[in-house]
Amino acid sequence: MTGVTKWTGREAGLLRFAMRKSGKTFAELVGVNPRQITRWEGRGETLELSLANQAALDTLLARAKLDDQQRFAALLTERAAVEHDARAEELLRRDPRTSRHPGDGKLMVLVEEGIYLAGADNRSMWLDAFRVDIYPTTNGDYERFVQATGHRPPQHWTNGRCPADLTTHPVVWVSWHDATTYARWAGKTLPTAQQWEKAARGPRGRIYPWGNEPTAAKCNVAETGIDATTPVFRYQSGVSPFGVFDMCGNVWEWCSTEETPGSGRHELKGSAFTSPFQRATPSLRNAANATMRDNDTGFRCVAPA
């Protein structure tokens, strides 16, 4: 389980609540005076903690019981849905490259035309400009599609409805055909493998979206120990050069590109929470039958520039 990008008094308070500790007990675990806990929680978002305190909270979270970690992740998700995500979207809207698609209302970012470095051998390829979803398609996005079309809901939903705690998580248990039908409904398409890779690596061919350092803490992969999907906006330090989230880890993403023409198998990109970090490089190739549905496979869409 990884820590948050930057701890404030608010996150510290959420962790104490998730661990169900008194202020005194929590202070002992972090190694501070109990009055510090009261001060942190009173100041909330306005108080950025010292590097030593940040490291202590990261360690405490990493060593916490799985149930406590999951409660903390859920609390962060709830807070982000109300506060943080809205602030992030406001910042994104100030970027002239971003826009909200009229079909499904998702934020998209422009990927400019030009050459990029593709594949493990970094060969130069040209792509025309396109727009790509900043976040993977979430359960909440997919629920609007299901309600509008009557399409079959994913098998992990209860009574055909999206679980409230998974609204901001990427939708899973969707086949390539399901993903393509959503894209068509939204007035979009699935990305080609080449479009997906450029959106992830940028024009200069980073090994990972964030750079060339193999940092598993910047994405939701097997090594983090979460063993489940996470909110699509959680890993802010792992975004691509174009500002695209979750291009490593969380869920594999369907592409429109067939593995070989006529095979009925389509490429998957990005790896997932079930995958070891070594499979998270965006240049890696993977494919599955178009009818496959799994708990670690979702998608995002693209549109013309």
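I take buried to mean under 20% relative accessible area, and I keep that cut-off beside me while reading this model, which is a predicted one.

I began with Trp157 and asked: is Trp157 buried or exposed? Its relative accessible area is 6%, so Trp157 counts as buried. I then looked up Tyr142, which at a relative accessible area of 0% is buried as well. I noted that the structure holds 12 aromatic pairs, and that Tyr142 and Trp157 form one of them, edge-to-face, with 6.2 Å centre to centre and 80 degrees between the planes. Tyr142 sits in helix 6 (residues 139–149) while Trp157 belongs to the loop between helix 6 and helix 7 (176–186), so this pair ties together parts that are 15 residues apart in sequence.

I went on to Trp210 and Phe277, whose aromatic pair is stacked, at 6.4 Å centre to centre and with 20 degrees between the planes. Because Trp210 lies in the loop between helix 8 and strand 6, and Phe277 in the loop between strand 7 and strand 8, the pair ties together parts 67 residues apart in sequence. I found both Trp210 and Phe277 buried.

I traced an open sheet of 4 strands, in the order 8-7-6-9 and with mixed pairing. Strand 8 (286–289) and strand 9 (297–298) stand at its edges, each with a single partner strand, so one side of each has no neighbour in the sheet. Between strand 7 (residues 265–269) and strand 8 I recorded antiparallel pairing over 4 bridges, and there I saw Glu267 standing opposite Ala287 of strand 8. Helix 8 (residues 193–201) packs on this sheet, where it touches strand 6 (252–258) and strand 7, and its direction makes about 135 degrees with that of strand 6.

I checked the span of helix 4 (residues 51–63), whose 13 residues reach 18 Å from the first C-alpha to the last, close to the 18 Å expected at 1.5 Å a residue. Which residues of helix 4 are buried? I listed Asn53, Gln54, Leu57, Leu60 and Leu61. These cover an arc of only 125 degrees around the axis, which means that they lie on the same side of helix 4. On the other side of this helix I found Leu51, Ala52 and Arg63 exposed.

Technical notes
Residues numbered from 1 in each chain as written. Predicted model: local features only at pLDDT ≥ 70, side-chain atom pairs only at ≥ 80, totals over all residues. Heavy atoms only, no water. Helix = DSSP H or I, 4+ residues; strand = E, 2+ residues; numbered from the N terminus. Expected span 1.5 Å × (residues − 1). Buried < 20%, exposed > 50% of the residue type's maximum accessible area, 1.4 Å probe, protein only. Arc of directions from axis to C-beta. Pairing = 2+ DSSP bridges. Contact = heavy atoms within 4.5 Å. Axes fitted to C-alpha atoms, helices over the stretch in contact; angles between N-to-C directions. Phe/Tyr/Trp six-rings, centres within 6.5 Å; stacked < 30°, edge-to-face > 60°.
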